[in-house]
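Student: I have a model open and would like to work through part of its fold. Can we take it step by step?

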Amino acid sequence: MSIKIKNIDSVLTSVKDGDIIMIGGFLHCGHPDHLVKTLSECSVKNLTVISNDSGTTEISSNDLIRSGKVSRIIASYIGANPETGRLMYSGEADVQLCPQGTLAERIRAGGVGLGGVLTEVGLGTVVEKGKEKITVDGKEYLLEKPLKANVALVKADRADKAGNLYISGTAKNFNTLMPMAAEYVVAEVAEIVEVGDIDPNHVTVPGIFIDAIVKI
C-alpha cells in the first residue's frame, strides 16, 4: 500500500494549536467535508482558517467555526454562515474579508514564492486599511502579501497511489491553488487508483504536492 494512503482518524494528528489551515472548495463545491469534520473534532485551538468562504450551515465548515477552535478567518465571503458574522461582530474571532480574486492570487503567490501581489482592487475602500501602496509607472497599487499555511485540506474525484489528483469541473476552484502553498496537504478523494490509471493530461494536481490521501 502507498505510504500516502492514510486513515481519516489519524491523518490530522499532526495539526497543532495555532496552525494555519487552508480549506479548498467554493461553498459545497469541492469542499473536503469529512476532513473538516474530523478537524473540528481534534483537540486543537487558536487556528487560522483560510478559505474562499466559511461554508454554510449544512457543511462541516460550520462545525469547525462553531467549535471555538478558530480564532482567525480569512475569506472572501461569509454571508452563508451566520456564526461567522456573529464571531466577527462580537470580536470572538478576527475575521478578515479579502476580495475573491485577490485571495486566490495571494495563495498562488505563497505557493510560487512571490513577495506579494500588486492590485488596484480595494483602493479607496476599507480594504486598503493598513496596507502598503506602491506606485508603478505612475499608477498606484495595493501590495497584498502572500498567504501560506501549515496544512491544506482539499478534495478530488480520484487520486493514484502516488498522490496525483484528478478534479473535475468547477470543483477545481481553490483546490488547485492551495496544495502549493501549504507544508502538509491532505486530499479527500472518492477513489484511489493505481499509478498510471490517471492520464497524465488529466492530472489536476501533481502528487509531489500531496502528502496524504484519504478515501471517503
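Student: In what order do the three strands of the open sheet lie?
Tutor: Keep in mind that this is a predicted model. The three strands form an open sheet with antiparallel pairing. Its edge strands are β5 and β6 (133-136), each pairing on one side only. From one strand to the next, the twist averages 45°. The order is β5-β7-β6.

Student: Over how many bridges do β5 and β7 pair?
Tutor: Their pairing runs in the antiparallel sense. Within it, Leu-118 stands opposite Leu-143 in β7. The count for β5 and β7 is three bridges.

Student: What angle does the direction of α4 make with that of β5?
Tutor: Helix α4 packs on the sheet. It touches β5 and β7. With the direction of β5, that of α4 makes about 160°.

Student: How far does α4 reach from its first C-alpha to its last?
Tutor: α4 covers residues 100-112, which is 13 residues. At 1.5 Å a residue, 18 Å is expected. The model comes close to that, at 19 Å.

Student: Which residues of α4 are buried?
Tutor: Look for relative accessible area under 20%. The cover over the buried residues includes β1 (20-23), β2 (47-51), β3 (70-75), β5 (117-119) and β7 (139-144). The buried residues are Thr-102, Leu-103, Ala-104, Arg-106, Ile-107, Ala-109 and Gly-110.

Conventions. Residues numbered from 1 in each chain as written. Predicted model: local features only at pLDDT ≥ 70, side-chain atom pairs only at ≥ 80, totals over all residues. Heavy atoms only, no water. Helix = DSSP H or I, 4+ residues; strand = E, 2+ residues; numbered from the N terminus. Expected span 1.5 Å × (residues − 1). Buried < 20%, exposed > 50% of the residue type's maximum accessible area, 1.4 Å probe, protein only. Contact = heavy atoms within 4.5 Å. Pairing = 2+ DSSP bridges. Axes fitted to C-alpha atoms, helices over the stretch in contact; angles between N-to-C directions.
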